[in-house]
Amino acid sequence: MDSADNFHFTLSPHPAPVPAAQRAALLADPGFGRVFTDHMAVVRYKEGQGWHNPTIKARAPIPLDPAAAVLHYAQEIFEGMKAYRAADGGVVMFRPDANARRFHQSAERMAMAPIPDALFLEAVRQLVRVDRDWIPEGANASLYLRPFMIANEAFLGVKPSSEYLFIVIASPVGSYFSGGAVSVWVSEDYTRAAPGGTGAAKCGGNYAASLLAQREAKAQGCDQVVFLDAVEHRWVEEMGGMNIFFVMDDGSLVTPPLGGTILPGITRDAILTLARDRGLAVREEPYSIDQCYADAASGRLKEVFACGTAAVVTPVGRLRGQRGEIVIGSGNGADPVTESLRSALIGIQRGQLPDPHGWVQRVD
């Protein structure tokens, strides 16, 4: 694998960065995904030339030809990751190598030119270094990083593009959800992904396909949507932008198996590891929506939570759908297993707890 030393980034500082006082005001209450830092990382790819011209430059609109392949054939992938203020005042990232590997896998599925992991990681680190003053303070605050790649060859023909842009932008954020447990609508009319499709790739089309169901969830008074499988419309798969776990009365956890239709969440994988470290039984197995309702009625199902980079670990208090509504556990998110795993994850991410698996990487 290429070393980061092989990639020299040119730094073109922003000529008029946001003044410190204005930045501080923005960081006091950034919301989620609406405030952006001064810079972005950009790397170009051209067939026959490879990846070239890595640059940190002022964040600005992207010049794009109207015939660019991304606009017509949706060759696009992205990642979501975070940088944190550590307990000692330093800056850390959580499992960025896993994001690099998943980005590579997404690129291969979308017939795009994979970017070397070392170049991906160096682009992220360089941006965090130059915009580190944008990392907010606070228990639920972080710098959300959005690496993405688009096909920018100007050509109206159905084929993989010969040119790509890899870009990293950053956004200081607070909590994704306002707090407490979320309510979830069970979508039985729409599916997120099918076998052989792009469900395991982090591509924009998967999220576009989820938006109508998400709008339906909002109309039903719910915060989020959960999808069933595309074949039998029976098995719980994934939520609109995060993975899902079920906690049983014996303390065991159940989560749907990946199988190509579910995004392999990095937070999901961390939760599986943390749960097993604590001696909890974890089963990656199919779990039907009928069984979910039955287990809630019998008391066997005690907790449900969603997890992802943005959501971290978020309790689910209610499930609502064509079968009616069920309350999960306390209904308000005060659930012991969920809270224990959430606290352990956040403690490791922010350097407050030991990191036995080497997940946290410092940014000098």
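**Figure 1. Aromatic cluster formed by F32, Y144, Y176 and F177.** In this predicted model, these four residues come together as one aromatic cluster.

**Figure 2. The aromatic pair of Y45 and Y164.** Y45 belongs to strand β2 (residues 39-46) and Y164 to strand β8 (residues 163-173), so the contact ties together parts that are 119 residues apart in sequence. Y45 and Y164 are both buried.

**Figure 3. The aromatic pair of F103 and F120.** The ring centres of F103 and F120 lie 5.2 Å apart and the planes meet at 45°, so this pair is tilted. The pair links distant parts of the chain, 17 residues apart: F103 is located in helix α3 (residues 96-109), and F120 in helix α4 (residues 117-130). Both F103 and F120 are buried.

**Figure 4. R59 over the face of F36.** The side chain of F36 is shown together with that of R59, which lies over the face of the F36 ring at 4.3 Å from the ring centre.

**Figure 5. K159 over the face of F155.** Here a lysine, K159, is placed over the face of F155, and the distance from the ring centre is 5.1 Å.

**Figure 6. The largest cavity and the residues that line it.** The structure holds 1 cavity of 30 Å³ or more, and the space in the largest cavity amounts to about 110 Å³. The lining consists of G80, M81, K82, Y84, F94, N99, I266, T267, G308, T309, V312 and Q349. By residue class, the lining comprises 5 nonpolar, 6 polar and 1 charged.

**Figure 7. Elements and domains that contribute to the lining of the largest cavity.** Strand β5 (81-85) and helix α6 (266-277) each supply at least two residues of the lining. Of the contributing elements, β5 gives the most, with 3 residues. Domain 1 (4-173) and domain 2 (182-350) each provide at least three residues of the lining of this cavity.

Notes. Residues are numbered from 1 along each chain as its sequence is written. This is a predicted model: local features need pLDDT of at least 70, side-chain atom pairs count only at pLDDT 80 or more; totals for chains, interfaces and linings use all residues. Side-chain values use heavy atoms; hydrogens and water are left out. Rings of Phe, Tyr and Trp (its six-membered ring) pair if their centres lie within 6.5 Å; planes under 30 degrees apart count as stacked, over 60 as edge-to-face and the rest as tilted. Helices (H or I, at least four residues) and strands (E, at least two) are DSSP runs, numbered from the N terminus. Buried means under 20% relative accessible area, exposed over 50%, partly exposed in between (1.4 Å probe, protein chains only). A charge sits over a ring if NZ of Lys or CZ of Arg is within 6 Å of the ring centre and within 35 degrees of the ring normal. On a 1 Å grid over the protein atoms alone, a cavity is a set of points where a 1.4 Å probe fits but cannot get out, and a pocket is an open set with protein on both sides within 12 Å along at least five of seven lines; lining residues have an atom within 4 Å of a point. Grid points are joined across faces, edges and corners, and a volume is the space filled by probe spheres set on the points. Ala, Val, Leu, Ile, Met, Phe, Trp, Tyr, Cys and Pro count as nonpolar, Asp, Glu, Lys and Arg as charged, and the others, Gly among them, as polar. Domain bounds come from an automatic or database domain assignment.
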